[in-house]
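Here is a short briefing on one protein chain. Keep the structure open while reading.

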Amino acid sequence: MIPLQAATRETFWTIGPVGKAAFYWLAAVAVLVFLYGVYARFAAYARGSADPRDRLSNLPGRVADATKTVLANENQFDGDLYTGVMHTFVLWGFLVLLVATTILGIDIDLYRPLTGESFWVGDFYLAYQFAVDAFGLLFVVGVGMAGYRRYRTREGRLWGKHTSLEDDAFVWTLFLLGVGGFLVEGVSMVGQPQRATETVSFVGMALATGLESAGLTAAGAEAIYGVLWWSHSLLAFAFVAWIPYAKPFHMISSFANVVARDENAGARLPNVPADLDHTNAESLDDFTWKELMDGDACTKCGRCTDACPADTVGRNLDPRNVILDLKSYRESVSDDPVAGSGSGNGPMATDGGTAAASDGGVADSAAASDGGVADSAAASDGGTVPIVADEGGVIDAESMESCMSCMACMDACPVDIEHLTSFTKMNRQLVDEGAVDSNLQDVFQDVMQKGNTFGESQSARGDWADELDDVDVPDAREESVEYLWYVGDYPSFDDRNKKVARALARLFDEADVSFGILFDDEKTDGNDVRRIGEEFLYLELAGHHVETFADCEFENIVCTDPHSYNTIKNEYPEVDFAEFADDPMMPFEREEPWNPDGGIDVFHWTQVVEELVSEGRLDLSGDELDYTVTYHDPCHLGRYNDEYEAPRELIRATGADLYEMPRSRDDSFCCGGGGGGLWTEHEEEVKPSEERLREAVEDTDAGAAIEKFVVACPMCTTMFEDGRKTGDFEDDVEIVDVAELLIEAVEAGP
């Protein structure tokens with residue numbers, strides 16, 4: 001053990017016994033206020049309804065995964081290098097300073113009283129001081145970067161309805177804590193001659209040199225040190241106590257949110273109880289504890305809004321405002337002692353107790369919350385304001401009707417807020433009240449009476465195959481097949497998409513695939529009617545289909561439409577049919593879950609055909625076509641199910657020259673057809689499909705040379721054919737499905 005006289009410093013220099021006692025008393029008060037605030041926050045979540053997902057299963061594994069995600073800052077780096085670097089500096093600066101403060105506390109308050117010696121000396125002390133200065137500097141630089149982005153321009157995604165002085169206080173407190181810690185260190189080095197050679201404290205040494213050049217003497221340093229030290233300490237204590245009551249709390253709640261995340265959120269909506277009334281959003285009591293925590297986890301960074309196609313084209317939807325409006329309303333009517341606060345990020349100490357902070361996204365987030373909920377919901381009215389309504393609700397019904405269910409907001413969120421689950425809950429409330437667009441009411445009626453969204457006779461569902469003179473389309477109800485092909489509404493009834501169905505049938509036939517369809521026993525899959533809020537109808541459709549599947553002999557299911565693929569693969573196995581089996585309104589008697597162990601594989605057709613091409617079963621040489629094309633990732637195939645490569649491999653297999661749009665893969669821009677958008681009209685500056693086509697012919701590297709806009713979703717085909725007309729792109733580009741491109745290549749082959 002190195003003696004105390006070796007390299008070290010006096011922690012409480014010039015601070016007498018009374019001051020030291022006051023320091024510990026204030027520290028204890030700050031910690032107690034902090035702990036009570038954290039307890040009150042999490043106790044408030046417990047008032048939410050039970051979550052249908054087991055959010056805490058394998059908790060150690062969840063914590064480990066969340067820790068990796070947070071420490072790596074991987075979500076902050078996603079599409080934003082500046083924010084990633086900034087947040088890394090702030091986060092790691094905070095963590096190192098927090099650990100350093102803890103080490104110093106252990107040495108002073110435990111190790112020295114027990115042993116009479118100190119380990120905070122010699123080489124350990126010097127390494128400690130270097131780490132504190134290095135990471136403290138990164139912390140200050142990171143907070144400076146945050147401030148620069150925030151104040152460089154007072155517009156953009158960091159500014160909005162919920163911006164408040166709380167955000168300014170957060171950033172400036174962090175900055176003052178970081179700079180103040182170094183100033184305390186510099187003055188200490190001027191006043192303590194034994195630290196004159198402590199070059200490892202390079203930031204403090206530079207400050208000390210500057211202060212001495214400015215005329216500060218050792219006596220002067222000793223005279224002002226106590227004022228600086230107490231100013232810094234009091235600010236640090238105040239910040240620690242403030243954390244649970246304001247924006248800094250998001251460093252805790254956002255981590256908890258990542259721990260409790262559902263990896264398949266959005267792609268599979270939560271199961272609902274047999275009493276469907278309890279699935280709505282009539283009051284705050286209807287929201288789960290996870291949905292309540294989402295509001296506190298929000299860093300107000302605006303990434304969700306920036307990514308939202310509805311907001312981009314001018315619809316009345318700002319995903320960030322929806323989450324924060326719900327939070328602010330909750331706080332305005334709550335008896336929670338910490339209500340009325342925001343969310344944020346926190347610090348601790350360096351030399352004399354420097355502070356640092358952050359976890360969910362310090363200035364990536366700098367855009368605030370305050371009581372500015374829906375202005376109509378400001379009062380503490382006991383919760384009588386409707387959660388969602390055309391007028392006077394916390395959330396405007398038009399905002400929910402504007403949502404395309406594309407999941408761009410969820411993909412962009414660095415703290416795993418599950419916007420779509422809350423949005424769907426509010427949509428269910430609107431459906432329950434009959435307060436939905438009349439066009440959607442017509443769609444619901446058509447599905448209930450006819451089984452499809454076109455209102456056509458189900459007997460005509462397989463008529464698209466009549467023009468296939470050289471291909472036989474078997475009935476999967478009458479013979480055993482390898483692939484049960486779920487065709488979907490649009491390929492079955494829409495003239496444009498019938499061409500896609502016929503192209504795909506010919507591809508299956510060309511590759512000698514054993515397939516069959518359900519003809520009039522196939523109905524609408526239910527994916528989109530569920531996301532619009534018609535849960536009851538979705539359950540009917542799921543029950544009908546799984547009973548129909550049970551009567552057929554097949555090995556796998558293949559879907560034309562990514563929407564069908566998503567709900568059959570991810571959601572049908574989740575339905576607890578036994579809970580609804582005795583309901584006289586449900587047209588099924590099934591009680592067992594369908595495909596709970598994944599024994600039946602469900603594919604999108606591009607995945608199946610890509611394998612056929614790789615096996616050489618379509619005899620493609622890879623140079624049949626010479627088009628210059630771009631490809632649009634469908635939301636339900638890409639973001640929902642992480643399938644990006646199969647369609648691209650098929651395009652390349654034709655010989656076409658593929659150019660990527662700037663927004664592609666998980667950043668793809670929605671066509672506007674999801675979430676009921678296919679059936680409704682909206683007031684918008686430009687249609688999403690028009691904006692996407694503009695991007696294809698103007699922003700893609702090939703520019704105007706793009707000949708074909710390739711899609712892999714019948715709904716996308718419909719939306720883009722419409723956008724091609726309304727956006728005046730008819731002479732610029734052709735809309736073509738991957739199946740149509742492939743069959744052209746096959747026919748052009750030997």
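Four strands form an open sheet, ordered E4-E3-E5-E6, with parallel pairing. Strands E4 (515–516) and E6 (601–604) stand at its edges with a single partner strand each, so one side of each has no neighbour in the sheet. The model is predicted.

**First sheet and its helix**
- Strand E5 (residues 554–559) runs parallel to E6, and 4 bridges join the two.
- Ile557 has Val602 in E6 as its bridge partner.
- Helix H22 (residues 562–571) lies across strand E3 (481–486), E5 and E6.
- The angle between H22 and E6 is about 165°.
- As background, the strands of a sheet pair through backbone hydrogen bonds, in either a parallel or an antiparallel way.

- Another open sheet is made of 4 strands in the order E8-E7-E9-E10, and its pairing is parallel.
- Its edges are strand E8 (657–659) and strand E10 (734–737); each has a single partner strand, so one side of each is left without a neighbour in the sheet.
- From one strand to the next, the twist averages 35°.
- Strand E7 (residues 628–631) pairs with E8 in the parallel sense, over 3 bridges.
- Thr628 has Asp657 in E8 as its bridge partner.
- Helix H25 (residues 645–653) lies across E7, E8 and strand E9 (708–711).
- H25 runs at about 170° to E7.

**Helix H21**
- Does the length of H21 agree or disagree with its residue count? It agrees: at 1.5 Å a residue, the 16 residues of H21 (residues 535–550) should span 22 Å, and the end C-alpha atoms are 23 Å apart.
- H21 is mostly covered, with 13 of its 16 residues buried.
- At the start of H21, Glu534 places a side-chain oxygen within 3.4 Å of the backbone nitrogen of Phe536.

**Val575**
- Where does Val575 lie? Val575 is in the loop between H22 and helix H23 (577–580).
- The relative accessible area of Val575 is 3%; buried means under 20%, so Val575 counts as buried.
- Leaving out residues up to four places away in sequence, Val575 touches Asn271, Tyr538, Leu539, Ala542 and Pro593.
- Val575 and Asn271 are 304 residues apart along the chain, yet their C-alpha atoms are separated by 6.4 Å.

**Transmembrane annotation**
- An unreviewed UniProt entry places the feature "transmembrane region" at residues 22–39, 89–106, 126–148, 169–190, 202–220 and 227–245.
- In the model, residues 202–220 are 79% helix and 0% strand. The end C-alpha atoms of this stretch are 22 Å apart.
- Residues 227–245 are 84% helix and 0% strand. Here the end C-alpha atoms are 28 Å apart.

**Whole chain**
- The chain holds 28 helices and 10 strands.
- Its C-alpha atoms fill a box of roughly 100 × 60 × 50 Å, taken along the principal axes.
- Of the 750 residues in the chain, 60% are buried.
- Among contacts between residues at least 6 apart in sequence, 81% join residues at least 24 apart.

Conventions
Residues numbered from 1 in each chain as written. Predicted model: local features only at pLDDT ≥ 70, side-chain atom pairs only at ≥ 80, totals over all residues. Heavy atoms only, no water. Expected span 1.5 Å × (residues − 1). Buried < 20%, exposed > 50% of the residue type's maximum accessible area, 1.4 Å probe, protein only. Polar contact = N/O pair within 3.5 Å; in protein donor to acceptor, adjacent residues only side chain to side chain. UniProt positions renumbered as here; feature names shortened; annotations may be inferred. Pairing = 2+ DSSP bridges. Contact = heavy atoms within 4.5 Å. Axes fitted to C-alpha atoms, helices over the stretch in contact; angles between N-to-C directions.
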